[in-house]
Amino acid sequence: MRSDLVLDDLSERVAPLLPPAPERRRRHPGRLRVPDRATLEGVMYVLRTGVAWRDVPAETVDCSGVTAWRRLRDWTEAGVWPRLHAALATELRRADHLGLDDCAVEGADVRALKGNHAGPSPVDRACPGSKHHLIVDRHGTPLAVTLTGGNRHDVTQLLPLLDAVPAIRGLRGRPRRKPRRLYADRGYDFDKYRRLMWKRGIKPMIARRGVAHGSGLGKVRWVVERAFAWLHQFKPLRIRYERRADLHRGLLELACSLIWLRRLRTSF
């Protein structure tokens with residue numbers, strides 16, 4: 001998909017959700033405010049290329065990298081990305097592009113060079129790392145994402161992921177907020193969490209520990225691995241350079257929004 005088409009679609013949906021711009025001072029008003037579309041283009045450039053914010057080229061993007069970083073900070077603190085997720089989810093459900101009956105969860109470790117929400121990674125010789133936790137629908141469309149340190153167990157984010165799924169409207173009746181069946185690997189095999197999922201009306205489809213491989217659940221839950229492959233094509237998500245955890249999560253949610261937009265344009 002062409003990048004300008006992505007930017008057009010994204011800007012059109014983000015614009016109504018942005019906080020109002022501060023009023024200019026009448027005396028000594030300073031420079032004109034950079035348009036939101038230009039700063040969104042700067043954020044997208046960093047997300048796609050992985051360059052440092054200060055290295056965003058002026059001949060390519062109509063705003064400085066520092067301005068793009070500040071606008072990303074303001075939008076993240078204003079809660080723009082969760083509202084964007086809810087709006088895109090409504091569009092996808094109305095277009096019948098969501099499979100909410102079967103969902104899958106997984107966690108993926110990434111190297112974290114700086115910042116909080118980083119801990120000694122058990123899979124990378126105790127180097128500082130973070131972990132992305134993701135829940136996807138039957139097609140691999142990301143429904144919610146959380147960020148923790150690399151030393152956090154996957155199962156600790158099972159309930160927070162379910163709570164983070166937005167109320168998905170788009171069809172007549174009550175909005176959907178939970179799947180009917182949830183698929184996960186052996187790392188989530190705890191009786192306590194099985195009981196909690198049954199209590200929520202969700203059937204846990206979790207592989208058992210201590211048994212031979214070949215449970216057959218991989219035929220359904222492979223889509224979450226593909227979703228991580230999509231997300232980690234964006235270089236700032238493959239290795240975490242962002243110091244602030246909330247801004248790294250904002251980039252994560254923005255990348256999820258790009259996947260949702262692609263899902264609206266195509267079917268796979």
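1. Let's start with L10 and its partners. Setting aside neighbours within four places in sequence, L10 is in contact (heavy atoms within 4.5 Å) with L40, M44, L84, L254, L258 and L261. L10 sits in helix α1, residues 3-14; helices (H or I, at least four residues) and strands (E, at least two) are DSSP runs, numbered from the N terminus. L10 is buried, with a relative accessible area of 1%; buried means under 20%, exposed over 50% and partly exposed in between, with a 1.4 Å probe and protein chains only.

2. A word on the basis: this is a predicted model, where local features need pLDDT of at least 70 and side-chain atom pairs count only at pLDDT 80 or more, while totals for chains, interfaces and linings use all residues. Residues are numbered from 1 along each chain as its sequence is written, and side-chain values use heavy atoms, leaving out hydrogens and water.

3. Of its 70 residues, L10, I135, L143 and L182 touch the most other members. Helix α9 gives this core its largest share, 10 residues.

4. Finally, have a look at α7. Its buried residues are R221, V223, V224, A227, F228, W230 and L231. They cover an arc (directions from the helix axis to the C-beta atoms) of only 165°, which puts them on the same side of α7. These buried residues pack against β1 (102-112), β3 (128-136), β5 (181-184), α8 (235-238) and α9 (245-265).

Notes. Core = buried A, V, L, I, M, F, W, Y, C linked by side-chain atoms within 4.5 Å.
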